[in-house]
Amino acid sequence: MLEGFCAKHTDARHWIENWLSDTEAGTWAKPQDIKDRYSSASFLAGNTVIFNVKGNEYRLEVSCAHQTSVVVVKWIGTHPEYD
């Protein structure tokens, strides 16, 4: 999903690559761990986290299972598509 998005929106590739590195290397045991690195992240019910990509030009929606350190990408798109 992320590769296809980056192929279409090449300006987001660097941000996505950095986010992937942070996600793979990080220990997000609780929401505050995410907030400490991504201050503009929003938290919704069901452990859903919304990341503002490239200054809120795009949105990335993921599900975080903090106990198992699993992050699943649910959706990525432009800000107007998210609304």
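Student: What does the side chain of His66 reach at 2.9 Å?
Tutor: The backbone oxygen of Trp28. Keep in mind that this is a predicted model.

Student: Is His66 buried or exposed?
Tutor: His66 counts as buried, because its relative accessibility is 11% and the cut-off for buried is under 20%.

Student: Which residues does His66 touch, leaving out those up to four places away in sequence?
Tutor: Trp28, Ala29, Lys30, Pro31, Ile34 and Asn47.

Student: OK, salt bridges then. How many does a search of the whole structure find?
Tutor: Four. One of them pairs Arg13 with Glu3, where the closest N and O atoms are 3.2 Å apart. Arg13 sits in helix α2 (residues 13-25) and Glu3 in helix α1 (residues 2-8), so this pair ties together parts that are 10 residues apart in sequence.

Student: And how exposed are Arg13 and Glu3?
Tutor: Arg13 is partly exposed, with a relative accessible area of 26%. Glu3 counts as exposed, at 53%.

Student: Which residue forms a salt bridge with Glu61?
Tutor: Lys74, and the closest N and O atoms are 3.6 Å apart. Glu61 belongs to strand β3 and Lys74 to strand β4, so the bridge ties together parts 13 residues apart in sequence. Glu61 is buried at 18% relative accessibility, while Lys74 is partly exposed at 40%.

Student: Let's stay with β3. Why is β3 described as largely enclosed?
Tutor: Because six of its eight residues are buried. On the pairing side, β3 is joined to strand β2 (residues 48-53) by six bridges, running antiparallel. β3 also pairs with β4, again in the antiparallel sense, over eight bridges.

Student: What about the turns? Which residues take a positive phi in the two hairpins?
Tutor: In the hairpin of β2 and β3, Lys54 in the turn has a positive phi of about 55°. In the hairpin of β3 and β4, Ser69 takes a positive phi near 60°. Each hairpin has four residues between its strands.

Student: Switching to helices. How far apart are the end C-alpha atoms of α2?
Tutor: They are 18 Å apart, which agrees with the 18 Å that 13 residues should span at 1.5 Å a residue.

Student: Which residues of α2 are buried?
Tutor: Trp15, Ile16, Trp19, Asp22 and Thr23. Looking down the axis of α2, those buried residues fall within an arc of 125°, so they line one face of the helix.

Student: What do the buried residues of α2 pack against?
Tutor: Quite a list: α1, α3 (31-37), β2, β3 and β4.

Student: And which exposed residues are on the face turned away?
Tutor: His14, Glu24 and Ala25 are carried on the face of α2 turned away from its buried side.

Technical notes
Residues are numbered from 1 along each chain as its sequence is written. This is a predicted model: local features need pLDDT of at least 70, side-chain atom pairs count only at pLDDT 80 or more; totals for chains, interfaces and linings use all residues. Side-chain values use heavy atoms; hydrogens and water are left out. Buried means under 20% relative accessible area, exposed over 50%, partly exposed in between (1.4 Å probe, protein chains only). A polar contact is a pair of N or O atoms within 3.5 Å; within protein, one must be able to donate a hydrogen and the other to accept it, and residues adjacent in sequence count only if both atoms are side-chain atoms. Contact means heavy atoms within 4.5 Å. A salt bridge is a side-chain nitrogen of Lys or Arg within 4 Å of a carboxyl oxygen of Asp or Glu. Two strands pair if DSSP finds at least two bridges between them. The expected span of a helix is 1.5 Å times one less than its number of residues. The arc is that of the directions from the helix axis to the C-beta atoms.
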